Amino acid sequence: MASAPGAHGITLTVTNEAGTVVKTLTGAHNGIVNAGATTVPVTLGTWTAADGRYTVKTVIADDANELPVKRANNTTTQPLFVGRGASLPYDMYEAEDGTLGGGAQLVGPNRTIGDLAGEASGRRAVTLNTTGASVEFVTKAAANTLVTRFSVPDGTTSTLNVYVDGAFLKAINLTSKHAWLYGKEDSPSNSPGAGAPRHIYDEANLVLGTTVAKGSRIRLQKDAANSGTFAIDFINLELATALPNPDPARYAVPAGFTHQDVQNALDRARQDANLVGVYLPAGDYPTAQKFQVYGKAVKVAGAGPWFTRFVSPVTQENTDVGFRVESSANGSSFSGFASFGNYTTRNDGPGKVWDLTGVSNVTMDNIWVEHQMCMFWGANVHNITITNSRIRDTFADGVNMTNGSTNNTVRNVEARSTGDDSFALFAATDSNDADQTGNVYENLTATLTWRAAGLAVYGGSDNVFRNIHIADMLVYSGITISSLDFGYPMRGFGTTPTRFENISLVRAGGHFWGNQTFPAIWLFSASKVFQGIRISNVDIVDPTYSGIMFQTQYLGGRPVNPITDTVLTDVSITGARKSGDAFDAKSGFGIWANELPEEGQGPAVGSATFNGLRMSGNHTDVRNTTSTFTITVN
């Protein structure tokens with residue numbers, strides 16, 4: 001029905017995490033709103049935002065013509081996140097910020113691979129090596145689950161006790177099974193004889209079994225019952241609630257928890273026109289192979305990743321599990337579950353939870369992937385959407401799209417400790433000779449990547465990467481922008497710009513491939529055309545060796561392709577200092593046109609333009625001893 005005449009008031013409030021109203025905006029629409037009609041937008045004013053999490057509450061005044069029973073939906077609330085990176089429903093507590101007791105020790109900072117501090121976030125950690133040693137945190141919000149990033153000696157399994165407000169609650173199980181590799185950074189193994197250690201941390205999770213109130217004290221403590229020694233990097237606390245079956249009449253439910261039970265439910269949903277999908281109730285679902293999804297689009301929904309969990313066999317290693325989705329199931333969706341693997345080493349090929357080719361309009365939301373090779377690998381995929389998910393301790397990429405993949409979105413995803421690029425786009429054409437365009441990667445967090453970059457872009461055009469936070473890369477660049485083809489047919493960068501916008505890189509860079517050092521941002525013109533790069537609103541803080549490095553590939557003593565049409569705007573580089581390690585001579589540069597990156601190579605070739613460059617606290621702001629590369633600063 002039509003509304004009453006007169007003013008229809010609107011009040012919007014913004015509330016911060018502490019529950020304090022930080023802004024109130026008001027306005028009104030004047031006049032009748034006809035049945036089925038929509039008003040023009042009502043401007044309420046502006047709010048200058050600060051980084052953080054907020055709740056936005058909007059209240060529409062009750063209308064005289066509106067039935068009272070209809071008025072409940074005149075008030076709506078929704079979350080608002082302001083800042084770079086992902087915003088997921090847990091809070092971070094760094095161990096070094098906790099309260100230490102009983103002989104607990106703070107270690108670091110340093111950036112030594114294989115060291116408890118060097119491989120920790122913030123490059124600091126807390127050790128619990130004596131009985132009674134503990135680290136305690138005051139909760140910022142109510143929580144009923146806990147994740148900790150930890151290190152225990154190789155070959156050991158133990159427990160660590162969890163206390164709440166001084167009383168023992170339960171123990172969390174910790175194992176070294178998925179950590180501790182040895183040898184060369186590009187191909188480490190599980191054999192201690194292969195060389196120095198690396199990838200020494202892992203994560204463990206625990207359902208507390210009770211809701212711990214805001215302001216409570218949660219303590220991790222080594223008691224007499226907890227054998228061995230421990231390093232704690234951080235914890236996450238989260239209040240998790242199980243999600244119900246979205247529509248019991250239209251979702252098949254497995255008869256049990258076995259792999260075949262789930263596959264039978266998928267088959268039933270495919271064959272029954274009245275069913276739209278499968279609901280997976282809370283529980284652990286043992287699986288040792290791929291689920292087959294084909295025939296029609298299906299919705300696979302779990303009770304949430306804390307409750308619905310696919311688990312690989314504990315008696316095996318490197319088991320290939322996940323979902324095989326055919327193009328006949330285009331439009332399928334997957335949400336609300338976890339996939340915990342049993343990978344302990346890199347094994348290229350299998351191990352991708354979703355390994356999709358030639359599919360489109362598939363969505364993944366609220367997924368947790370851990371101890372797998374990859375979460376997602378897509379070749380020639382289109383309109384894929386991956387949102388609100390967490391990727392942890394993989395042995396290869398978190399997300400990689402390739403072979404003419406277009407118009408895909410990766411949004412609000414956190415990747416921690418991946419064994420290759422956390423988020424990647426690779427314009428290879430070995431299985432589909434087409435342009436790779438229109439992809440958007442936004443609101444992403446990549447931390448503690450232990451083998452490659454937080455973000456890697458190899459060719460393509462008209463792709464956007466924005467609102468990203470990258471920190472504590474252990475051996476490689478924070479962002480790799482490269483036209484190297486790795487021996488595959490590939491398209492270089494197109495003339496329509498590839499854009500990198502609103503990004504923070506903190507403590508990024510490292511050394512890899514022997515003696516090569518990597519910066520926070522690495523621009524590498526290689527076997528294909530390098531052009532159309534636009535980088536803006538980027539802050540580089542405390543890089544391990546250098547802020548931005550330009551490099552060119554040489555073959556037969558000659559450069560292959562120059563860096564061209566590359567513009568960087570409003571970039572800040574601070575704290576590029578001398579490293580003081582074996583690579584000290586290759587460190588301390590804010591911007592570096594690399595004159596000799598490695599044996600058989602030559603100086604960077606091409607040019608780049610900086611607009612609005614800000615530099616401070618660097619040993620050397622700009623190093624360019626070449627005659628082949630031009631850096632223009634406006």
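These legends accompany close-up views of a predicted model.

Figure 1. Let's start with helix 1, which runs from residue 259 to residue 271 and has 13 residues. From its first C-alpha to its last, helix 1 reaches 19 Å, close to the 18 Å expected at 1.5 Å a residue. Several of its residues are buried, among them Val262, Leu266 and Ala269. What do the buried residues of helix 1 pack against? Look for strand 18 (251–252), strand 19 (277–280), strand 20 (283–286), strand 21 (290–293), strand 22 (299–302) and strand 23 (308–311).

**Figure 2. A tilted pair of rings, Phe337 and Trp354.** A search of the whole structure finds 35 aromatic pairs, and here is one to explore. The ring centres of Phe337 and Trp354 are 6.1 Å apart and their planes meet at 35°, so this pair counts as tilted. Phe337 belongs to strand 25 (residues 333–340) and Trp354 to strand 26 (residues 352–357), so the pair ties together parts that are 17 residues apart in sequence. Both Phe337 and Trp354 are buried. They also belong to one aromatic cluster, together with Phe257, Tyr285, Phe291, Phe310, Phe323 and Phe334.

**Figure 3. A stacked pair of rings, Tyr476 and Phe518.** Why is this pair called stacked? The planes of Tyr476 and Phe518 are at 25°, and stacked means under 30 degrees; the ring centres are 4.3 Å apart. Tyr476 sits in the loop between strand 35 (464–471) and strand 36 (479–482), while Phe518 is in strand 39 (residues 516–518), so the pair links parts 42 residues apart in sequence. Tyr476 is buried, with a relative accessible area of 7%, and Phe518 is buried as well, with a value of 0%.

**Figure 4. Charges over rings.** Find Lys140 and you will see its charged end over the ring of Tyr93, 4.8 Å from the ring centre. In another example, the charged end of Arg219 sits over the ring of Tyr163, 4.5 Å from its centre.

**Figure 5. Two nonpolar cores.** In soluble globular proteins, nonpolar side chains tend to be buried together. The largest nonpolar core here has 77 residues, and Trp354, Phe376 and Phe550 have the most contacts inside it. Which residues does Phe376 touch? Leaving aside residues up to four places away in sequence, Phe376 touches Trp354, Leu356, Met364, Val381, Ile384, Ile386, Gly398, Val399, Asn400 and Met401. A second, separate core of 27 residues includes Val126, Val135, Ala143 and Leu206.

Technical notes:
Residues are numbered from 1 along each chain as its sequence is written. This is a predicted model: local features need pLDDT of at least 70, side-chain atom pairs count only at pLDDT 80 or more; totals for chains, interfaces and linings use all residues. Side-chain values use heavy atoms; hydrogens and water are left out. Helices (H or I, at least four residues) and strands (E, at least two) are DSSP runs, numbered from the N terminus. The expected span of a helix is 1.5 Å times one less than its number of residues. Buried means under 20% relative accessible area, exposed over 50%, partly exposed in between (1.4 Å probe, protein chains only). Contact means heavy atoms within 4.5 Å. Rings of Phe, Tyr and Trp (its six-membered ring) pair if their centres lie within 6.5 Å; planes under 30 degrees apart count as stacked, over 60 as edge-to-face and the rest as tilted. A charge sits over a ring if NZ of Lys or CZ of Arg is within 6 Å of the ring centre and within 35 degrees of the ring normal. A nonpolar core is a set of buried Ala, Val, Leu, Ile, Met, Phe, Trp, Tyr and Cys residues joined through side-chain atoms within 4.5 Å.
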